[in-house]
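Visitor: I would like to learn how to read a model like this one. Please take me through it feature by feature.

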Amino acid sequence: MSNLSALNQLPQYYHLEQKDHMDKPMDVEVSGEVPKWVNGSLYRNGSGLYKVGNTAWNHIFDGFAVLQRWTISEGKVTYQSSILDSEFYKKTAKHRKIVGEGFGSSFPDPCETLFGRLFNRFIPKSSDNTNVNIVEFGDRLFALTEMPTLNEINPDTLTVKQKSAISDYVVVHLGTAHPHVLKDGTAIFYGTNMVHNKAYNFIAIPPQTDFSKAPLAGAKVVATVPSRWKMHISYTHSFGITENYFVHLEQPLTMSIARAMLYKPLGMNGAEVIVPHEGESLDIMLINRSTGQRLPVTYRAPEGVVFHFVNCYEESNHVVCDVCFTPKGAKSIQRIYFNLMLEDAKAGIHYKPNYTRFVLPLSLDGAEEGKNLVTLPNTTATATLEKGGKNVIHVTPEFFEENMYADFPAINYRYNGVKHRYCYTSTTLSTQQTKLSKFDVVKKTVKTYEVTNNFSPSEPVFIARPGATREDDGKW
Ligand SMILES: [Fe+2]
C-alpha cells in the first residue's frame, strides 16, 4: 500500500493540504455558550500536514507542524491555522514535494551535492519541524518536538520568530516536548544524552523576560542519571515532578546506541533506532531535586510503555505516580505507520493507554518480603520488596477504567506536583473510540463525552475560572 493510499483511508483530519493554511483569523460559529470569563488565546500544535504534491509521510510522528489558535473575547471566537514555516517545510514547499528525513521515512533531496549526500548519510540532522507541543515560557511561546531545537513563535502570525537549541547550553542529543514550568517561572526540561552513563538529564532554565536576551540563557543540568543498559537508553516522552523529586521512567522501549550511530550508513530510518524489549520491566526512578541524586531504590513495574504523565505528588511518605500506561505496549511506536495502523485495525489489534496509578513507598524501614508496603488508603496499587533484595521494589498498578482508551491527559495545572483529584483525557490516535473523559480519582468515577459527526477529540486543556477555589471549577 502506498503512503498516499493509506492516508486516504484515514479520517478527514489527516487530509489537510497546503492550501488549507489559514493565517488570517476567521470568525467561528459558536454552538452553546462560551463563558464571559474565558478571554484569551488557545494555541495548539501537532503533526498536521502529511501530503505535499504526490508525496506523503507514513509515520504519524512525521507530519509537518500545524499551529492553531482560537482567540476568545466576550463570547466571540476567531480561528486561524498555520503550517509552521520551519526550514524543513520551506524546503519542501519550494520543491512541491517532501524533501528530507523524517522519523519513519525519508525522501531524497534533488539539490543536494554529492558531498552533502555522503555527509548526510553519516550524520543525522536535527529536525526543526517542531510538531509535538506548544508551551508558554517566560511570556514567550515555543513550538517543541523531541529534538533539542525549539522554535519561538510569533503569537499573532504563528510564524517562527527565532530558533533556539538547548544543546547550545548543555550536552543533550534529544529533548522532550513536555517540560514543566514551576510556580516561580523556572522551566524544567528533560534531555537524553546518547552516552549511557549520562543518559537521563534534567535541565533547569530560569525565567527570561528580557526579550533582547536568548530565551534559554542560563540553562543548566541539575541531575544526571545513567541508563541500566550499556548499549541502550530508554525512550522518554515526558516525566513527572513532585515537591522533592523528578520521576523518571526507564521503559522497555529503548534507543539502541549502536543503531543511532549506524542507521544512516545502513540506510535505516530513525524509527528503527528504537527497539522494543518484550518481557522486560518498566523501572521507575526518583531523583532528589535538591541534590540531583537518584534514590537508591528501583520501583520495578510490569512491561508497558508510557508517553504521557498525568501528575505525580507526595503523600504520607509515598510518591503517587499517575500516567497513561499501555500494558505490553513496547511495540506500539513501530505500529503507528498509517498502513500498519490500518492493518492492526482490521485485525482487531488495539494498543490502549489506560489511566494508571503507581504508588511508590519512600521508606523501606522494616520492609519484609511479601508484605505490601503501600499504606495509603483508597488504592489497590501495591509495592513489595524483591525476594532476597534490598533495593528493588516490585510495584503493581491500579487501573482506573481498564480497557478505556485514556491518553493526552490534562489537569488543572495549579495542581501540578501536588495531590490532584480530576483529570481530563482524550482518545486522540484511537482508531476505535472518539471520547473525551473526566476522571475523578477520589470517587473513582469517569464521565465520558462522545465526539460525533466525523470530528476527532483533541487534547483537552483545563481553564480555571478566575477566583476558583475548587479544583474542577472551570472549563475544559
Ligand atoms: Fe506528547
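Guide: Start with a single residue. Glu 74 is exposed, with a relative accessible area of 51%. The cut-off for exposed is over 50%. Keep in mind that this is a predicted model.

Visitor: Where is the place of Glu 74?

Guide: Glu 74 sits in the loop between β5 (64-73) and β6 (76-83).

Visitor: And what should I look for in its backbone?

Guide: Look at phi. Most residues other than glycine have a negative phi. Glu 74 has a positive phi of about 50°, although it is not a glycine.

Visitor: What phi does Leu 158 have?

Guide: Leu 158 is not a glycine either, yet its phi is positive, about 60°. Its loop runs between β11 (149-153) and β12 (160-165).

Visitor: Is Leu 158 buried or exposed?

Guide: Leu 158 counts as buried, at 0% relative accessibility. Glu 74, by contrast, is exposed.

Visitor: Which residue just after α5 takes a positive phi?

Guide: Gly 348 does, at about 75°.

Visitor: Which residues of helix α5 are buried?

Guide: Helix α5 covers residues 338-347. Its buried residues include Phe 338, Asn 339, Leu 340, Met 341, Leu 342 and Asp 344. Next, ask what covers them. The cover includes α1 (3-8).

Visitor: How do I read a residue of intermediate exposure?

Guide: Buried is under 20%, exposed is over 50%, and partly exposed lies in between. Ala 260 has a relative accessible area of 22%, so it is partly exposed. Ala 260 belongs to helix α4 (residues 257-262).

Visitor: What does Ala 260 touch?

Guide: Leave out residues up to four places away in sequence, and Ala 260 touches Met 194 and Val 273. Ala 260 and Ala 271 are eleven residues apart in sequence, and their C-alpha atoms are 10.0 Å apart.

Visitor: Now the metal. Which residues coordinate the iron ion?

Guide: Read the donor atoms and the distances together. His 178, His 237 and His 308 coordinate the iron ion, each through NE2, at 2.1 to 2.2 Å. Then read the spacing. Along the chain the donors follow H-x58-H-x70-H.

Visitor: Why does the pair of His 178 and His 237 tie together parts of the chain?

Guide: His 178 lies in the loop between β13 (174-175) and β14 (180-181), and His 237 in the loop between β18 (232-234) and β19 (240-241), so the pair ties together parts that are 59 residues apart in sequence.

Visitor: Are His 178 and His 237 buried or exposed?

Guide: Both His 178 and His 237 are buried.

Visitor: Let us step back. How many helices and strands are there in the protein?

Guide: The protein has five helices and 36 strands.

Visitor: What share of the residues counts as buried?

Guide: Of the 476 residues, 52% count as buried.

Technical notes
Residues are numbered from 1 along each chain as its sequence is written. This is a predicted model: local features need pLDDT of at least 70, side-chain atom pairs count only at pLDDT 80 or more; totals for chains, interfaces and linings use all residues. Side-chain values use heavy atoms; hydrogens and water are left out. Donors are N, O and S atoms within 2.8 Å of the metal (3.2 Å for Na, K and Ca); water is not among the atoms, so sites may look incomplete. Helices (H or I, at least four residues) and strands (E, at least two) are DSSP runs, numbered from the N terminus. Buried means under 20% relative accessible area, exposed over 50%, partly exposed in between (1.4 Å probe, protein chains only). Contact means heavy atoms within 4.5 Å.
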